Structures are given as C-alpha cells and as structure tokens.
Amino acid sequence: MTETFGARLRAATETFGPLCVGIDPHPSLLHAWGLEDDLAGLERFSRTAVDALAGHVAAVKPQSAFYERLGSRGVAVLERVIADLADTGTLSIVDAKRGDIGSTMSAYADAYCGADSPLAGDAVTVSPYLGFASLRPMLDLASLTGRGVFVLGLTSNPGGPQVQHAVPTGGGSVAAQVVAAASAENVGAAPLGSVGLVVGATVGTAPDDLGLDLASVNGPLLAPGLGAQGAGPTDLRRVFAGALGTVLPSSSREVLAAGPDVAALRSVARRTADACAAALMT
C-alpha cells in the first residue's frame with residue numbers, strides 16, 4: 001500500500017460521506033433475512049451485504065466474533081469478505097478488539113496487519129487495557145504495511161467507566177492517557193493519522209467533561225452506536241464537539257435491517273451517510 005490508512009480514509013469519506021457500516025451476522029438478523037443460523041446463512045448474509053455496500057460507503061466493518069463462532073469455516077467466510085471488499089477498493093475495518101502482550105501480540109499483528117494475511121483488512125480494532133505499550137507490535141506492523149489501528153478509547157457499555165474513567169495516582173484518567181498515547185502516534189501525520197480511537201456515540205459522559213482532547217488525536221474517531229443503539233445526529237455533535245471533522249460514525253443493525261434487498265440496504269446506507277455528513281458539518 002503506497003498511501004497511509006489515514007489518507008485513504010480521508011479520501012473515502014470525502015467521496016462517500018462519513019459512514020462505516022458494520023456487517024454483524026447476528027443470529028437474529030440472519031433469521032430476519034429468512035436465513036438459517038449456519039454456514040450457508042452466514043455466507044449468503046455476508047455476500048449480500050458486500051454486494052450492497054462495496055463501492056457505496058466509506059468503510060465496512062465486519063465483526064469478527066460472529067464469524068469465529070462457526071469455527072474455521074466461518075473465519076474462511078470472513079476472509080472472503082475482506083478479499084471482496086479489497087477487490088472493490090472499499091476500506092475494511094476488522095472489528096476484532098485484540099489485545100495481548102509480547103509474542104502473542106506480535107502474532108495478532110501478523111494476523112491482522114501482515115502484508116500477506118487473509119485476515120488483514122485496511123484497519124483493525126484493538127484493546128489497550130494491558131497497557132498502551134502492549135499494542136506496539138500491532139502499531140509498528142500496521143505502520144509498515146499502510147494499515148490503521150483503532151484503539152478502544154471511551155466505550156458506552158455499562159462497565160466501561162469503571163476502567164476508563166479511573167484516575168491512577170499521579171495522572172489523568174485511563175481514557176485520557178489512551179487519548180494522549182494515540183495522539184503521540186499521529187504527530188505530523190497529514191491529512192489524517194492512521195491510529196484512531198473507538199469512542200461510543202452513546203457515551204453518557206461527554207469526552208470534554210472528562211478532560212479528553214479528541215481534537216488533538218489527529219486520527220479517525222470511530223463512533224459506534226448510531227441508529228439501533230440509540231445515537232443520532234445530536235449525539236454526534238454532543239460527544240465529538242471540537243473534533244467533528246475526524247468522526248467516522250458506524251451503524252450496523254439499522255442499515256442491515258433493510259436487508260436482504262440489496263437496493264434497500266444501499267438506500268438506507270446512503271441516507272445514513274448523508275445524515276451523518278449534515279450532523280458533522282462544522
């Protein structure tokens with residue numbers, strides 16, 4: 001890859017609007033599409049979603065866990081999703097949320113950022129809660145191969161604040177330290193850094209109220225929670241005030257609920273992208 005992930009993402013959002021659509025083949029969605037919760041259903045669901053979204057949205061985010069639950073055959077479907085998105089030039093963010101240390105993290109890096117790995121999309125989500133330094137193998141290999149890394153920063157799950165809002169002795173909150181570390185990775189990057197953060201669009205406490213300077217990150221801010229999880233345009237402006245130009249809202253169930261009709265899926269994605277663009281105008 002000759003361009004950085006940050007540069008490719010900026011170009012994609014300028015072309016298609018600021019939206020990432022998740023591919024989450026949850027059993028309830030498979031059934032809603034009239035599919036069985038099995039390998040054939042997983043493959044049909046995934047191929048339909050790719051047909052509808054590829055070349056029409058800035059990025060697509062397959063959720064690895066829903067493929068892994070079917071073992072190696074399910075992972076093979078995920079590999080095909082990543083390959084098919086690459087063939088269309090559509091950015092893929094593999095939502096794997098990996099996090100470990102040492103040689104194990106290096107192995108995860110090879111899997112999700114290695115130049116020849118079938119599981120390597122354009123970016124991957126990771127967890128920093130073994131210490132931000134534990135991510136170094138993933139960060140370094142991603143930089144070498146032109147990929148992006150989205151680090152969990154401020155999530156909206158009920159137990160998240162117990163860790164992320166905690167203030168260690170002698171420092172800012174855990175979330176603030178993650179934001180600062182991500183910012184340091186992107187110093188001098190243009191037009192956008194390739195180390196991003198995951199910040200839930202439905203977080204109860206706005207980042208500004210926690211002393212988090214999201215505008216300093218100089219990287220993409222992946223914002224899950226749009227649509228079925230309850231977040232709307234006003235939430236995007238509340239949570240990301242001051243950093244609206246780097247936000248990549250993510251919607252999964254609300255868009256996928258329009259399936260299995262390809263035209264309907266594409267139409268909902270287009271409307272959602274337009275709504276996000278309007279909400280994030282500065």
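1. Starting with the helix pair: Gly102, Met105, Ser106, Tyr108, Ala109, Asp110, Tyr112 and Cys113 in H6 touch Pro137, Met138, Leu141, Ala142 and Thr145 in H7, contact being heavy atoms within 4.5 Å. By class, this H6–H7 contact has nine nonpolar, three polar and one charged residues (Ala, Val, Leu, Ile, Met, Phe, Trp, Tyr, Cys and Pro count as nonpolar, Asp, Glu, Lys and Arg as charged, the others, Gly among them, as polar).

2. A caveat on the source: this is a predicted model, with local features needing pLDDT of at least 70 and side-chain atom pairs counted only at pLDDT 80 or more, while totals for chains, interfaces and linings use all residues. Numbering runs from 1 along each chain as its sequence is written, and side-chain values use heavy atoms, leaving out hydrogens and water.

3. On geometry, the axes of H6 (residues 102–113) and H7 (residues 136–145) come within 8 Å and cross at roughly 30°. That makes H6 roughly parallel to H7 (angles under 35 degrees count as such). The crossing is right-handed.

4. Now the strands. S1 (residues 20–23) pairs with S2 in the parallel sense over four bridges, where pairing takes at least two DSSP bridges. Ile23 sits opposite Pro62 in S2.

5. S2 is also joined to S3 (residues 91–98) by two bridges, and these strands run parallel. Here Ala59 has Leu91 in S3 as its bridge partner.

6. Within S2 (residues 59–62), Ala59 and Lys61 point one way, Val60 and Pro62 the other. All of them are buried, the lysine included (under 20% relative accessible area, 1.4 Å probe, protein chains only).

Technical notes:
Axes fitted to C-alpha atoms, helices over the stretch in contact; angles between N-to-C directions. Parallel < 35°, antiparallel > 145°, perpendicular 65-115°, else oblique. Left-handed = near helix turned anticlockwise from the far one by under 90°. Buried < 20%, exposed > 50% of the residue type's maximum accessible area, 1.4 Å probe, protein only.
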